[in-house]
Amino acid sequence: PIWKDLRTGSGGVGVSTNGTESITFLWNGASYYSISKKQAWSVVYTMTNPRVEVCGEYAVVFDQSGREGVIFNTENGKCGEITTNQTITRATISAYGAVSMIVDDGLSNDILFFSKTGEALNIKLHTMISASGYPIDICFSPDGQLLIASFVYIDSGVMQTQIVFYNFDTSINSDTQIVGAFRKYDDTLFVDVAFISDDRAIACGDGVIVYYSLKNKMKPEEIAIINENDTITALTYSEQGVAYATLCGDMVQNHVLKAYNSDGESVYEKDTNINIQDMQLTENGLYITGPG
C-alpha cells in the first residue's frame with residue numbers, strides 16, 4: 001500500500017488512504033483497515049495534540065508541543081517510538097521510515113534525526129535565530145536523501161526568510177550537508193515546504209509558491225515562482241503538481257480553482273460557486289469538498 005492522501009481533522013488526527021485500505025489516526029491510537037473493513041492492527045498511544053505525517057508505507061504521529069512520537073508501518077503497525085528532551089514543533093518522515101523533527105528548548109532549536117525504529121541517529125542540526133535562523137517547517141524527500149527546510153533569520157535587524165536544502169547521501173564526499181540556500185524572498189513566511197517527488201520540491205508562503213528542481217541533488221535550482229494576489233483558502237499538492245482555491249469578488253462565482261503541473265506551469269483555471277473547504281490532488285484528478 002502507498003499512502004498518498006491525508007485528510008486531516010481537528011487536532012491533526014486524520015485518515016490516510018490509498019483507495020482500498022486505510023489507516024486511521026485518533027487522539028489515543030491508530031488502526032489499519034483493509035478494503036473488507038477487517039482490522040489488521042491497532043496501536044494505543046496517548047497524546048495531547050497529535051499531528052501525523054505520511055510518506056509511502058510509513059507514518060509518524062507526534063505530540064506537537066510535547067515530547068513523544070510513534071512510527072508506523074502499514075504492514076506491521078508500530079515499528080518505533082521516539083522520546084525527545086525538548087518540545088517537538090514539526091516532524092517529517094521518508095518513504096523508508098527515517099524521521100526528522102524540529103525540537104525547541106525556548107532558546108534555540110535542533111533538527112534531530114531517527115531511524116525507522118526510533119533510534120536517534122548521529123546527526124543534529126543546531127540552529128539559532130541570531131545565526132542560521134529559526135526553522136519553521138521541514139520535509140524529507142521520499143528517498144530520505146534530501147531535506148528541505150524553511151527558516152526565519154535576522155539580517156541587519158530585519159526579519160527575513162530562506163529555504164535551505166540538505167543532502168544526507170553518505171556516498172557523497174562533502175564536508176557539509178547544505179547543498180543549496182535561497183534568500184531572496186524578503187519577509188515572505190514559508191509555513192509549508194514539501195517534496196512532491198524525489199526531484200521536485202515546493203515552498204508555500206503567503207501568496208507565493210516556489211518550485212525547485214533537485215535533478216542535480218548537489219545543486220538545487222529554483223525553476224518557477226507563482227505569485228497569487230487573492231487569498232488562498234485551500235491548497236493541495238502531489239506528484240502531479242499544485243492546486244489551490246482563492247476567493248474572488250464575484251458574488252456568484254466566488255472562488256477560483258487553479259492548478260499547476262510539476263514544473264510550475266499553469267494547466268487549469270476555473271471559476272466556481274463551491275465554498276471549497278478541502279482539496280486532494282491525485283493522479284486521477286482534483287477532488288474538492290465543501291459544506292455538507
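Which side chain meets that of Asp263 in a salt bridge? I looked this up and found Arg200, at 2.6 Å, N to O. I count a salt bridge where a side-chain nitrogen of Lys or Arg is within 4 Å of a carboxyl oxygen of Asp or Glu.

**Entry 1: basis**

I worked on a predicted model, in which local features need pLDDT of at least 70, side-chain atom pairs count only at pLDDT 80 or more, and totals for chains, interfaces and linings use all residues. Residues are numbered from 1 along each chain as its sequence is written, and side-chain values use heavy atoms, with hydrogens and water left out.

**Entry 2: salt bridges**

I placed Asp263 in the loop between β24 (255–260) and β25 (266–272) and Arg200 in strand β19, so this pair ties together parts that are 63 residues apart in sequence. Strands here are DSSP runs (E, at least two residues), numbered from the N terminus. Arg200 is buried, at 9% relative accessible area, whereas Asp263 is partly exposed at 32%. For these words I used under 20% relative accessible area for buried, over 50% for exposed and partly exposed in between (1.4 Å probe, protein chains only).

By this rule I have 6 salt bridges in the count. Another of them joins Asp137 and Arg90, at 3.8 Å from N to O. Asp137 belongs to strand β14 (residues 134–140) and Arg90 to strand β10 (residues 87–93), 47 residues apart, and the pair links distant parts of the chain. I noted Asp137 as buried at 8% relative accessibility and Arg90 as partly exposed at 27%.

I also recorded Asp143 with Lys217, whose closest N and O atoms are 2.7 Å apart. Asp143 lies in the loop between β14 and β15 and Lys217 in the loop between β20 and β21, so parts 74 residues apart in sequence are tied together. Lys217 is partly exposed, at 24% relative accessibility.

**Entry 3: nonpolar cores**

I defined a nonpolar core as a set of buried Ala, Val, Leu, Ile, Met, Phe, Trp, Tyr and Cys residues joined through side-chain atoms within 4.5 Å. The largest core has 28 residues, and Ile148, Ile163, Phe165, Tyr211 and Tyr212 touch the most other members. Strands that each supply at least two residues to this core include β15 (146–155), β16 (158–167) and β23 (241–247). Its largest share, 5 residues, comes from β20.

I then listed the contacts of Phe165 (contact means heavy atoms within 4.5 Å). Leaving out residues up to four places away in sequence, Phe165 touches, among others, Leu147, Ile148, Val179, Phe182, Phe195, Tyr212 and Pro220. Apart from this core lies another, of 14 residues, including Cys55, Ile71, Ile88 and Val103.

**Entry 4: Thr188**

I found Thr188 in the loop between β17 and β18. Thr188 counts as buried, at 17% relative accessibility. Residues up to four places away in sequence aside, Thr188 touches Thr161, Gly205, Asp206 and Val208.

**Entry 5: an open sheet**

I traced an open sheet of 4 strands, in the order β6-β7-β8-β9 with antiparallel pairing. Two strands pair if DSSP finds at least two bridges between them. The edge strands, β6 (50–55) and β9 (77–83), each pair on one side only. Between the antiparallel strands β7 (residues 58–63) and β8 (residues 68–73) I noted 5 bridges. Ala59 has Phe72 of β8 as its bridge partner.
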